[in-house]
Amino acid sequence: MLLPIKWAKEYINIDNDIMEICDKVTLTGSHVESIEKLGTELENIVIGKILEIYRHENSKKLWITKVDLGNEVVQIVTAAQNLKQFDYVPVAKVNSTLADGTKIMEAKLGGEISQGMFCSYKELGYADSVIPKEYKDGVLRIFDENIVLGTDIREILDLNDIVVEFEITPNRPDCLSIVGMAREISASFDKELNKINLKNLKEIENKSSLNINISAENCKRYSASIIKNIKIEESNRKIQNYLLNAGIRPINNIVDLTNFLMLEFGQPLHAFDLDKLEGDITVRNAFEGEKVVTLDEVERTLSSEDMLICDSVKPIAIAGVMGLKNSEIDENTKNILVESAYFTKKSIKSTSKRLGLKSEASIRYEKGLTSEHTINVLSRFLYLLEKNVKCEIDSVFDVDNANFVPTKIEFNTNLVKRLLGVEIENSKIVRYLNLLEIETEVKDDVIICTIPYFRTDLSIQEDIVEEIGRIYGFSNLNPTPILAPNTIGKKSSKRVFEDKIKNILLNLGLYEITTYSFIGGNIIGKTKMNALNTVKILNPLGEEFSIMRKSLIPNIIDVLAKNLNYKNDDLLVYELGNTFHSVEGEKIPIEKKKLAIGAYGKYEFYYLKDIIFNLLNILNIENVEFVKNNNIEYFHSGVCADVLANGEKIGEIGQISYEVCKNFSIKKNIFVCEIDIEKIRDKSSLVKIYEPLIKYPAVKRDLALVVDKNIDSGEIEKIFKEHSNNLLKNVELFDVYIGNQVSEGKKSMAYKLTFQSKDKTLVDEDINSIIDDMLSDLNKKLGASLRS
């Protein structure tokens, strides 16, 4: 928010130094971003009047002029093509300095002496964005016959002003205005705001039979006025100066005045050429796919959620965002309709975002305005219009569906002491609130506050105490100790468990990654995951961030694909993050913490399986199994399994299918595992129980079994453990053979079994009986036999 100090002083009587003003206002909650002193580089540039102008006899581009500077007449040769006799123009005299530091000296142009230079907006230091279109390539002309010749141009153009940029918090839309910031400054210095003149609307007799109809739910109030017999021309110099210094480009006297009021009060206005309108005014929602052309000459396609201002035949504006080309004010306009409306912030924000169209009006509507602003700002507009432009106010209209009721807040003054830690007299509290235009009624220790319509951020008694604290000065509060018992900060058991997992994976050689919790429907489709019961975001940043993920696998695959594109040959990464799951009948989804691991290159399926096994083993999770599951759509049917602990599924592991890899343009085999952290937390124990080393020797036996090809090693190992009498300490599959030496449809699987007892040295008889039981059960359940 840019605040020209000279403009602000229209509403407050204050002569304090600018640094004192900024420091004081910062202490009351309005953060100063920057302070710019205008015109500091300009030197010896004055206003002059062109007495004569004629073409240079030897040049088609140059003009020779005689210019009256008040105390002298000088000759200036110029290439500017927009000048006329008797124009008032800025003149850089000999030995002057322009905004960019350029020095102007006497020179010869086309053989003629030039004793200075005419100045454009750019040469006076104005940014391209605020320079009026008609002055983009020409000299600035000033239309004010009361100007004293020879006056410093900084005085004429208010370039001796100071502009302060404030950071406005989202909860204070009232401060997105000159009056709003003037109110903050006046309250900070214990001064009252000057009276602001408005037009008495009761004096106006409506002559028009125009009807205004509101059918859109998001338009709560529509105020308007018809003004006739106006002349479109440049605004007076004062209004133009204020707009330029506030960062707004002047256009013409009507549009400038609507922009002036928008900056003054924060309420957007829009002016239509009345003679281009047909019939009555209607505020309605657009038809789906309806097309319009805005003032920037861009055709835009609307949705049924966007609002339009229409006459009886056609749309004339996108409500709260931008007017349309077909009702634009131009140099031929004689009669106008001025709109001052209240649209809900959600609808304007949605339209602006969908169309990619930001305007000064939409920015203010998005912050949240109030219905009471519309008629008050319209009254101010009509007052200034009559003061600055010859016109006839024909009619005023006000359709109010807002049913505004002022907010009232009661609070006990003891709350001030409890929250701020200081005692403030009731009279001072009332004074502070009145400075902010909060009306008060005192009943003993209770103050009843009537909140002004423009303070939409005040709703509870703590808000009122904050306002008192701001004006009293938070820097004046004495620090007091916190009245609360001392507590020791520590990590929760969940956090400790997650940190343990991260440390284990770090030691196993994995890199941690973090990805967004938001994903798009496109990435879900590419992974062939089920999109049912996903949590969709109502106001996403974009389609690619429109869904809350219910699995980490899409993110992991995306990361692996990007690293393959970066030519990283081998990768082993993990993510420990939240997933989100909708619950039927519940508004709020549940969050589940999950672990996902991704790998490619030298890391293959069994490497990943070994990582999971080691992780679960260190977490003391028992009876871990990997059971084949060919029905997981995004995994390769031959290389995927469910991960079980004590018979309950806790995750899944596998090779990503070729089809999914193709969707991500992946040409390598990639492997992914996902574990439900919530499930393994309950099964794990971080407590380590000491067990002495077994002093008796271990006995090792090799077994080569012939089984069907579709038999998994996990099924065999499970039977080994069932018959081990707790003597089997380790099972190692060291060879798998398929070939001529075994029958077709069969395979040979060779295991090394390690037995060990805590109580005695095992002998052959102990081992043989266990192995016989194992072989018997293997043959019975799996049809396995010893390989001969």
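View 1. Ile-738 has its place in the loop between strand S37 (728–737) and strand S38 (746–755), where strands (E, at least two residues) and helices (H or I, at least four residues) are DSSP runs numbered from the N terminus. In this predicted model, local features need pLDDT of at least 70 and side-chain atom pairs count only at pLDDT 80 or more, while totals for chains, interfaces and linings use all residues. Residues are numbered from 1 along each chain as its sequence is written, and side-chain values use heavy atoms, with hydrogens and water left out. Together with Leu-733 and Val-736, Ile-738 forms a nonpolar patch on the surface with about 250 Å² of accessible area (Shrake-Rupley method, 1.4 Å probe, with only the protein chains shown counting as cover for residues).

**View 2. An open sheet of three strands.** The strands follow the order S1-S11-S2 with antiparallel pairing, a pair requiring at least two DSSP bridges. Because strand S1 (2–4) and strand S2 (31–37) stand at the edges with a single partner strand each, one side of each is left without a neighbour in the sheet.

**View 3. The pairing of S2 with S11.** Six bridges join S2 to the antiparallel strand S11 (residues 162–167), and Val-32 stands opposite Phe-166 in S11.

Key. Patches are made of residues with over 30% relative accessible area and no salt bridge: like charges are joined within 9 Å, nonpolar side chains (Val, Leu, Ile, Met, Phe, Trp, Tyr) within 5 Å. A salt bridge is a side-chain nitrogen of Lys or Arg within 4 Å of a carboxyl oxygen of Asp or Glu.
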